[in-house]
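The sequence and the model are shown first.

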Amino acid sequence: MLFFSFFKTLTNQTITVELKNDIRIRGVLKSVDQFLNIKLDEVEVLELDRFAHFSSVKTMFIRGSVVRYLVLPKSEIDVELLEDATRREYDNPSTRQH
């Protein structure tokens with residue numbers, strides 16, 4: 001739940017998503033759910049010459065299981081808060097997966 005809560009704080013920020021099939025997409029994060037499925041608006045496919053069939057796509061829903069990486073805006077990330085939340089979750093045995 002930590003990452004879900006964290007990504008919700010990035011709503012309306014521009015992020016870049018790299019998919020497992022090597023497509024990289026930049027867009028405005030509109031929503032994210034507990035499975036890290038992502039809805040992007042104002043979509044821009046990077047390397048459009050390789051993926052020209054996406055040129056007219058402006059809104060995209062991306063299933064969380066196909067995401068390889070997310071590139072987030074550094075200026076919008078409170079690193080100390082994220083580190084504290086990670087420590088608290090790690091220190092709480094009831095939240096650990098076995």
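This is a predicted model: local features need pLDDT of at least 70, side-chain atom pairs count only at pLDDT 80 or more; totals for chains, interfaces and linings use all residues.

Leaving aside neighbours within four places in sequence, L19 is in contact with I25, I62, V66, V67 and R68. Here, contact means that heavy atoms lie within 4.5 Å.

The largest nonpolar core consists of 19 residues, and L19 is listed with V17, I25, I38, L40 and I62 as having the most contacts inside it. At least two residues of this core come from each of α1 (2–8), β1, β2 (24–32), β3 (38–45) and β4 (59–62). The largest share, 4 residues, is supplied by β3. As a general background, nonpolar side chains in soluble globular proteins tend to be buried together.

Not counting residues up to four places away in sequence, E18 touches I23, R24, V67, R68 and Y69. With one of these, R68, the side chain of E18 makes a polar contact through the side chain of R68, at 2.7 Å.

The largest pocket holds about 190 Å³ of space. It is lined by 11 residues, and those closest to its centre are S5, F6, T9, L81 and L82. Two elements, α1 and α2 (79–91), each give two or more residues to this lining. By class, the lining of the largest pocket comprises 7 nonpolar, 2 polar and 2 charged residues.

Conventions. Residues are numbered from 1 along each chain as its sequence is written. Side-chain values use heavy atoms; hydrogens and water are left out. A polar contact is a pair of N or O atoms within 3.5 Å; within protein, one must be able to donate a hydrogen and the other to accept it, and residues adjacent in sequence count only if both atoms are side-chain atoms. A nonpolar core is a set of buried Ala, Val, Leu, Ile, Met, Phe, Trp, Tyr and Cys residues joined through side-chain atoms within 4.5 Å. Buried means under 20% relative accessible area, exposed over 50%, partly exposed in between (1.4 Å probe, protein chains only). On a 1 Å grid over the protein atoms alone, a cavity is a set of points where a 1.4 Å probe fits but cannot get out, and a pocket is an open set with protein on both sides within 12 Å along at least five of seven lines; lining residues have an atom within 4 Å of a point. Grid points are joined across faces, edges and corners, and a volume is the space filled by probe spheres set on the points. Ala, Val, Leu, Ile, Met, Phe, Trp, Tyr, Cys and Pro count as nonpolar, Asp, Glu, Lys and Arg as charged, and the others, Gly among them, as polar.
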